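Shall we work through it together, one feature at a time?

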Amino acid sequence: MAQLTYLQLTNRVLQRITQPEVSTVIGITGQGKLITEFINQAQNELWTETTNWYTLFKQRNFKTVLYTAATIAFNSASPATITDSANGFGSFQSGMTILVNGSTSATNDGTYIVTTAAAGTLTLQTADSLTTQVAGSSVTIYALTYAVASDFGRSYHLVDYTNNRILTEDVLRAFSEDDPLMTATNNPTHFCIQGNFYRLYFIPSGVFTMIDRYWSVPTTLTLDADTSSLPLFCENFIIEWTYMKILEYMNKYDTADRVRSSLYGNPTKPSIKGVLEKCFMANKKVIDTMIRFGPRYGASQVSAPRFPSHYDSRYS
């Protein structure tokens, strides 16, 4: 059974309120426009529920970044810049927090935030300042943070593929308490979400391949042929939830309440499952097969990483 398109979803709801169907959602007006907006809101309503919809599972790879060269210079202009005559900054990205180590007399050693990254120049945020230094010393620049995917919603897990380890999710405060100066380098064992970035602990001491597995946010529908990134069995919820919202807009609250009961269930009749609960049950059957993990087919369990022995046990 094929998924309904954005246009088909819109027309299903228009049928429910006895309005004529439309040939496109582009430039739609009136109640039709409200319906298209409610359809995307319905997707968000499902996303905010405490379940992870199996079709939103994503995976991507990225590499940790460090660069060592004797061709790196520092410029005290505002904004301050770090330049490399060898154009070796290609792996750094805008928004990254970086650690500089090895500058002459450690004058420019420290952490900075990159606002613009190019192969030959890293431009820093205006709050960061540098002392002008010419190239010559062997300088190492590490990336401390890595941007999450553009459609990132929730973390599932982060794997250090190079070192065969699943990183443990923790909180930024724990990293700060263990390494206030943010200078400890090693194989990473933990990670946290810092705004729109991953922060790794330890700071990666090499170029490692990371496998990022996460739950994405639903794709916003905009074009006639767009289909929801949520499972097929969520379509009925999307249609009925949109129908409920348009009824409320039309001040037909009694009918809207009946639709709400069909969506979320009636507390006085717990044996009758609502549309949402049926979606949960269908999704759980798939999720349960996705998250099973064990020493099958010769695979071994991955040992859980731990912080150093001196680390406060509250955060281990």
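Predicted model: local features only at pLDDT ≥ 70, side-chain atom pairs only at ≥ 80, totals over all residues.

Q: How are two packed helices described?
A: Two packed helices are described by the angle between their axes and by the distance between those axes. Here, helix α2 (residues 30-47) and helix α4 (residues 235-249) pack at an angle of about 130°, and their axes lie 8 Å apart. That angle makes α2 oblique to α4, since angles over 145 would be needed for roughly antiparallel.

Q: In which hand does α2 pass α4?
A: The crossing of α2 and α4 is right-handed.

Q: Which residues make the contact between α2 and α4?
A: From α2, the residues include Leu34, Ile35, Phe38 and Ile39. From α4, they include Phe237, Ile238, Trp241 and Tyr249. Sorted by class, the residues of this contact divide into 11 nonpolar, four polar and two charged.

Q: At what angle do α1 and α4 cross?
A: Helix α1 (residues 6-16) and α4 cross at roughly 50°, and their axes come within 10 Å. That makes α1 oblique to α4. Here too, α1 passes α4 in a right-handed crossing.

Q: Which residues of α1 and α4 meet?
A: Leu9, Arg12, Val13 and Arg16 in α1 meet Ile239, Glu240, Thr242, Tyr243 and Ile246 in α4. By class, the contact of α1 with α4 has five nonpolar, one polar and three charged residues.

Q: What is Tyr264 in contact with, leaving aside neighbours within four places in sequence?
A: Tyr264 is in contact with Glu45, Glu49, Phe237, Trp241, Gly274 and Leu276. With Glu45 there is a polar contact between the two side chains, at 2.9 Å. Glu45 is also one of the α2 residues in the contact with α4, and Phe237 and Trp241 are among those from α4.

Q: How far apart are the C-alpha atoms of Tyr264 and Asp128?
A: Those two C-alpha atoms are separated by 51 Å, and the residues are 136 residues apart along the chain.

Q: Is Thr5 buried or exposed?
A: Thr5 sits in the segment before α1. Its relative accessibility is 19%, so Thr5 counts as buried, the cut-off being under 20%. Beyond its neighbours within four places in sequence, Thr5 is in contact with Asp224, Ala225, Asp226 and Thr227.

How values were computed
Residues numbered from 1 in each chain as written. Heavy atoms only, no water. Axes fitted to C-alpha atoms, helices over the stretch in contact; angles between N-to-C directions. Helix = DSSP H or I, 4+ residues; strand = E, 2+ residues; numbered from the N terminus. Parallel < 35°, antiparallel > 145°, perpendicular 65-115°, else oblique. Left-handed = near helix turned anticlockwise from the far one by under 90°. Contact = heavy atoms within 4.5 Å. Nonpolar A, V, L, I, M, F, W, Y, C, P; charged D, E, K, R; others polar. Polar contact = N/O pair within 3.5 Å; in protein donor to acceptor, adjacent residues only side chain to side chain. Buried < 20%, exposed > 50% of the residue type's maximum accessible area, 1.4 Å probe, protein only.
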